[in-house]
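Open the structure in your viewer and keep the selection panel at hand. The stops below say what to select next and what is there.

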Amino acid sequence: MAREDESIFLLVGDVGYRLVEPFAREFPERFVNIGIAEQNMVGIAAGLALSGKTVFLYSIANFPTVRCVEQIRNDVCYHKANVKIVTAGGGLIYGALGPTHHLTEDVALMRALPNMTVIAPGDPLEAGLVTQAAALLSGPCYLRLGRTGDPQVHHVTPDFQIGRAIKLRDGRDITLIASGGILPNVCRAAENLAGQHIEALVLSMHTVKPVDKEAVLDAARDTGAIVTIEEHSVLGGLGSAVAEVIAESGLGVPFLRMGLPDEFISQVGSRDYLRNIYSLSTDGIVSSVKKFLKQKKR
Amino acid sequence: MTNRAHSSHIGGCLSAAELLAVLYGGILRVDPSKPDWPERDRFILSKGHAAAAAYAVLAERGFFPLEWLDSFYLDGSHLAGHITRGVPGVEASTGSLGHGLSIGCGMALADKHDGKSCRIFVLLSDGECDEGSTWEAALFAPHHKLDNLIAIIDYNKIQSLGRVKEVLDLEPFADKWQACGWAVFEIDGHNVEAIEKALLGVPPEKEKPTCIIAHTVKGKGVSFMENKLAWHYQFPDDDQLRQALEELGVSG
């Protein structure tokens, strides 16, 4: 993209070892390592954007968001500046590094900011499509990426549009809405459930803001029950976004938010180890959904 | 303006008055009829609470009608209590301290990249230099040789809850900026000639951003306001306004 669009700049917060070097080599005049100074990085991004540049800024975990929310709010969002905030490590990817590196409130924080588009792609294919779309979108955008080597879910390139959920699987019994890197587990869970005669409709809600209201309402009407799954706190993220739609629709469908509870994780372990503890493994999702459906029937 | 609107920050407006007047009086290469002129110099009021002063100067310069000032801070006004982009002539919205210098760095970086010869001026308060983000920018600009960036600090020695020396002493202030790699000047911030001389000489050293530390007096020009903390907050009542205008030599 940077080859075709000379206004694209990439700022990093002293991270991206073995990741950002190709860009830095090819476009040295448009690459800046700001140093470990995220508040400055966001301000600089805003200044560049106010000068006509399209700015991608990158760091990991909570650093480019939580660390500098006020700068994002006042310098980027308030100015509707063309800045794309990119983080890697969504959810519990940095698991064993501990809670300082668990990305679990970022979606909630970014979602509350006016003019911010919030996107958590579900697999590497979505991530690529999201990045291209974000570059064409004029204005602030938050891209919550996973990790290099994350499993790919899509076998065919989907028809992609920011704000439009992607239907991965049809079903009549229940809807599973996922956002971000938990998507592969949700898809596997749906396959598993199908083997137990539970047909789940699966949506990748890559864009949490603006959430695809129509997709949620259609799913509510078609399947009568909705479960959201995210590797993020149940407070303020995808679950809350979908809950807002359902609650205001008057449809009154049974609804469950699956995600991380409102606490810091004290156990030490990899992403998969921790997902297992919090029922976000494939099996965990399957049993939670079955339990939910049983309760719904009562 | 502050009397009518019952708004505060008059002390910090008066301390910056000459600085703003000289900047917009001839230093800044701007064209009020073309606020988006690509080759313009840009000014960021990082101490965004001095908006009343900045708006007054912008109106005088012709960026928008003087009548707008009458509704400053009032219901339905064009002009909010902190400076806001969207008002003609305003480059960045500020209000929370510690943001403007970083934004200025970004603008300076863009201009360098585009090969422009314009300058970016950022006016900071002394209290603002408590914010860590200010120092992030202070480290960044010299490292990236942004000699098209000029930081001006309104050093009136009083912040919001006390004198700077008592709250968080900045001294040796000039040394700090110099140590970060800036070309530093210290001037009397109320001496128009000194301000002009300093600003005409930028950048004094190639590849170094400039820091002009302007020694000022909070509430300057009004005897009962000078050096008084309370005037960070208070607005003058009608009698005080009358006396202030008399002392400043302005007809009411």
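**Stop 1: a helix on the sheet of chain A**

Select helix 8 (residues 238–249) of chain A: this helix lies across strand 8, strand 11 and strand 12 of chain A, and runs at about 145° to strand 11 of chain A. Helices (H or I, at least four residues) and strands (E, at least two) are DSSP runs, numbered from the N terminus. Axes are lines fitted to C-alpha atoms, for helices over the stretch in contact, and angles run from 0 to 180 degrees between N-to-C directions.

The model is predicted: local features need pLDDT of at least 70, side-chain atom pairs count only at pLDDT 80 or more, and totals for chains, interfaces and linings use all residues. Residues are numbered from 1 along each chain as its sequence is written, and chains are lettered from A and ligands numbered from 1 in the order in which they are written.

**Stop 2: the sheet of chain A**

Now select the five strands of the open sheet in chain A, whose order is 7-9-8-11-12 with mixed pairing. Two strands pair if DSSP finds at least two bridges between them. Strand 7 (166–169) and strand 12 (255–260) of chain A are the edge strands, each pairing on one side only. From one strand to the next the twist averages 25°.

Strand 11 (residues 226–233) of chain A runs parallel to strand 12 of chain A, joined to it by five bridges. Pick Ile229(A) here; opposite stands Met258(A) in strand 12 of chain A. Helix 6 of chain A also packs on the sheet, touching strand 7, strand 8 (174–179), strand 9 (200–204) and strand 11 of chain A, and its direction makes about 170° with that of strand 9 of chain A.

**Stop 3: two helices of chain A**

Show helix 6 (residues 183–194) of chain A with helix 10 (residues 282–297) of chain A: their axes come within 8 Å and cross at roughly 55°. Helix 6 of chain A is therefore oblique to helix 10 of chain A (angles under 35 degrees count as roughly parallel, over 145 as roughly antiparallel, 65 to 115 as roughly perpendicular and the rest as oblique).

**Stop 4**

Move to chain B, where five strands form an open sheet in the order 1-2-3-5-4, with parallel pairing. Its edge strands are strand 1 (42–45) and strand 4 (183–188) of chain B. On average, neighbouring strands are turned by 20° against each other, direction ignored.

Four bridges join strand 1 of chain B to strand 2 of chain B, and Leu45(B) has Leu123(B) as its bridge partner. Further along, strand 3 (residues 149–155) and strand 5 (residues 210–215) of chain B pair over six bridges, with Ile153(B) partnered by Ile213(B).

**Stop 5: where the chains meet**

Helix 5 of chain B lies across strand 1, strand 2 (120–125) and strand 3 of chain B. Select both chains: 19 residues of chain B are in contact with 20 residues of chain A. Helix 5 (100–113) and helix 6 (132–143) of chain B each give two or more residues to that side of chain B. The largest share, ten residues, comes from helix 5 of chain B.

Terms used
Contact = placed C-beta atoms within 7 Å.
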